[in-house]
Structures are given as structure tokens and as C-alpha cells.
Amino acid sequence: MKKALLALALALALPAAAQSPVLVSKESPRWGSFQFSISPFSPDIDSEFVGATSPPYATTFGTSRPLMVQGIFSKSVWISEVGTLDVGFGAGWWQASGQGQYTNASGVVVRGGSTTLMIIPLQVAVAYRFDWFYDRFDVPIAPYIRGALVDYIWNTSGQGGVSSWTSATGTTYRGNGATFGLSGTLGLALVLDAFDTGLSRQMDYDIGINRSMLFFDFTKSSVNDFGSQKSWQLAPSYWAWSVGLLFVY
Amino acid sequence: MGGLSLAESPPMLRRATLLLCLLPGAALAQATTPGTTSALVTTQGVSGLANQAECSSTTSTATWTIGSSVTPVIANGDRYRLGAATQGAGCTSSGTIPAGISQDLTATGATQVVTGVFVTAMAATASVGSCTQASDVTIALCVYYLPGGSTTNWQLVSQGTFVFQLAVPPRPRINGVTPGDSQLSVAVVAGDTTATETATRSVTYRVTCTPSTGGGAPVTSGSSNVGRVICGGLTNSIPYTVTAQAASQAGNPGAVSDPTGPDASTTPLPFLDFWQVYKGQGGVEQGGCSTGGAGALAPALALLGLLAVRRRRS
């Protein structure tokens, strides 16, 4: 009777095993990570105009915070029992749209035309992620910190394309450029693999993704050419939150 | 394997052999299928379409491009007859040859271009009726081959379709006007259809901006099939009256919209964009790449990257 039950169990199990080659071996070697995120963003350009009744950014684009989308590719340079040190490069996109202004003879401001401010944020980032909680205790959280050197490539446009402004002395300033700065990030990632370990192993086997995480973080940054007197502030005045997904591969 | 006769072969094989035998016959039958003809009315230039004005004009002509299923011989006096019929009846293929919409013409080849075919004759032959009716009328174009000019031994050798696009688009509505520097951006939406105004498949809009006083001549925008139409080349600080009009694909103009303005929203002004406002208020940013220490970062990072790549390769 026992032999018959064993044969039946084997007969049922073998076809399933043949269809889905779930690995029971250790995970594949880690190389790095990729993440993408979204974040409400509003540059603190108006910090130059403290006390002004109609500061240029808020008057033109309002107080809303359009979403900035970003992605970072990283190489893991040090993997230990405690965590992983990643060095990466990131890029993104952000744009605000608004209306131009015209002040008539009576001093009344009339709105019209279209104008935009677009930013392509680039960054070289170093991040350390504490994998210890999940690897050692199966607690599916991974705190992380990240520091980055950022370069915001920006462009302002009006009705006729890239903006330009000519001063009273005849000097023309084109409305595009690049501004450097620094940023620091504190975040917490939720390790999604903990919720379906079988699927996690299958992803590693199929496409080499060792770990998937949902993260939420806060970033404080300063993007004004390191305090240059000839630069505006393109970083937000606040700790900017972002949410996204991170894949370790 | 050898020695198996057709009668002894399996049923599937027999059917396949029979099919192979029938294929040449099917190909021969296909060779007698009429070719394709198209017509282009020269005034508005959209192939296969005529508008209301062309339908009723006594001078409007079309160019027919005939693709015939037979190759005529000029020396034999072979001729073509151009005909038209209602879409429901279609081209006649047997019996008495229908009357032509023009005189029979010498057939010079299997493909032939015929110019100067009067549109009114096409409409009359195909019983289009009124050229101001609310609905489009599709007709059949027919080309008959008369070997040696014979009207008894004739053959339908080419056919096509042609649309009298008689429906006019509904009167549009102006949903808002945004002033710009020497221009107005006009949001135009399709109006409601009425008994005499039918929504046609493809509609373009045109906006006319008329200056109130002293602003020169009215300016009409180019055609656009999007919701916003730009009226450009205007004079700043002059209020304009804005109207919109839709046109069907074949060029039937619809009714003109209710006017908007003249008011502040229809007055173009030299608006300053964000950068101009920022600099005008004394903003310190100067544009361009960073200067000083920050400006040196980019080449420094590029150099570091290059060194890293070279180190990996060595």
C-alpha cells in the first residue's frame, strides 16, 4: 500500500517538476541594481526673491509640483553580510508649463502665451543598502542611504523656442544651461521577495533579478553650483519624497 | 511507392490532384476580372472626391486613370466608353451597353489617363440628384471596351468608385482664445449636427482674426485638424474678432461660428516668458554651463570615467 502511494505521489509530482524548473540552488551572483522613481518636484528658484509680491516661478508656474521621473543604474562594488555598496549613474526628466506675463500701462499683469521650464537631472550616486535585516532575520525591510553629485541640465522656452533676455547694457542671456549640486537621501525599501519566495527564485532563474523592492525615501539637495553667486537654486526647499521600484540583478 | 494509380490513391491525394488541375482554370478566370479606375477632380485635388461646388459646376472636370483588364489595339479601332452608375446598381456587365458620359475615345493601352471628363456629366449619368443634399453619394465608375468600336461585342474592363461628398461639416464653436505674442491660440470644437449639416469623416478648421480698428486686413489661419488653431502674424495690442469655420475633406465649407471678442482674451500682447520675467526681476542665473569650480566638474568627471574604462581594459 505504501509503495502504491509513493508511486502515485511520484507520478503526480514528476510532470509538474518537468514543466517548471524551479531552482533550489543558491541565488545567482549579484552585479548591480536598477531603480526608477517618481517624485513631486518644485525648484526653489524664488528663494532669490524673498519678500517679492510676484516671484517669477510661482507667478508663472503656480505652486503645484509636477512629477519628476528618474532612473538609476548601479554597479555593486562591495557586497557584505551587512549590506551592499552601489555606485551608479542616474538620469530623469521634469517639466513645468505655465503662461507668460505682460504688465500694461496701468500696472495690471495680464497672462498669455506659453512658457516652460524643463530639467534633465543627471547624477552620480553612491548608495549603501542594509540587506542584513532580510538576509539574517527574514525581516523584509532594507534601509538605505545615498549621496549624489547632481547636474541639472535645464532649458526655458517661450513662444518662439529657447528663451533669451537682453539686458539694458545689451548683453544677451540664453535661457538654458547646467547647474551642479549635491543631494543626500534616506530611504526604506520593502523587500517584495518575502511575499512570494517561489516567484522570487523563478525571476532569478528566468531573468537574473535577485531581489525586487518597493522603496520610499526623502531627499534633501542643493543645486546652485555649490553656492555660486551667479546661480539660481534648482533644488526644492523641502525634503522631497519619492517612491519607486528597485531591482537587484 | 511506384505503381499507385489516381483511382487507387487515398481520397486526400485525389482531392489535392483535382485541386491542382483546377488551379490554372481559376487563374484564367481571374484574368478577365475588370481592372481598377480612379478619378481625380482637378479643382480640389483629393482623389476620388468631389465637393458641392464641383458637383454643380459646369466647368469642373475630372481626370480618370484607367487600369484595363484588356490590352486594346489602336490599329483595330478599339475604343473605351466611360460610364457611371449608382453604387447600388453597379456597372453593367451584359446586355445592352449603357450610354457613355462623354464620347467614346480611342483606346491606346491597358493603362490610360483621360482628362477633361465633366463632373456634372458623371453626376447626371449616375443619378446623383441635387448637389446640395445633406448626404454623400457614392457612385460606380465604369469603363467598357469596344473592340473595333463595336457596341455589340463589348466588355466591362475596369471599374472604380467615386464619392460626391455633399455633406457639409457642422458649425464649430470657439471654446476659448489664449493671446500670445502677435498671435492668438484658438480652441475650436465641432458643433452639433443639424438636419442640413452632417458631421463628415475628416474635418479641418480655419480661423479668421479680424482687427477691430486700425489693425490692417483680417488674417486667416492655415487649416488644422487639431483642437487648437493658431492665428499668427497679428498686431500686438489690437483687439481682434475671432471666427472659425470647418471644411470637409473635399472642401465643403460649413457655417461660420459665432464670433468671439474683441476683448482682452483676443488681444495679442508681447508676453514675457519665464526666463524673461526671472531676469527682468534681477535673477542672478546667467545661463550656459556652470562657471568656476562647478564648471570644472564636468570635464573632471569625464576624465575620471575615461581612466576607469582604461583601467578595466588593461
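Chain B contains six helices and 15 strands; helices (H or I, at least four residues) and strands (E, at least two) are DSSP runs numbered from the N terminus. This is a predicted model, in which local features need pLDDT of at least 70 and side-chain atom pairs count only at pLDDT 80 or more, while totals for chains, interfaces and linings use all residues. Residues are numbered from 1 along each chain as its sequence is written, chains are lettered from A and ligands numbered from 1 in the order in which they are written.

Of the 314 residues in chain B, 34% are buried (20 or more other C-beta atoms within 10 Å of the residue's own, with C-beta atoms placed from the backbone).

Now look at one sheet of chain B. Three strands form an open sheet in the order β9-β10-β13, with antiparallel pairing (two strands pair if DSSP finds at least two bridges between them). β9 (173-180) and β13 (228-232) of chain B are at the edges with a single partner strand each, so one side of each has no neighbour in the sheet. Seven bridges join β9(B) to β10 (residues 183-189) of chain B, and G180(B) has Q183(B) as its bridge partner in β10(B).

Finally, turn to where the chains meet. Chain A brings 35 residues to the contact and chain B 31 (C-beta atoms, placed from the backbone, within 7 Å). On the side of chain A that touches chain B, β4(A) gives the most, with six residues.

Definitions and conventions: Two residues are in contact if their C-beta atoms, placed from the backbone, lie within 7 Å. A residue is buried if 20 or more other C-beta atoms lie within 10 Å of its own, exposed if 12 or fewer, and partly exposed in between; C-beta atoms are placed from the backbone.
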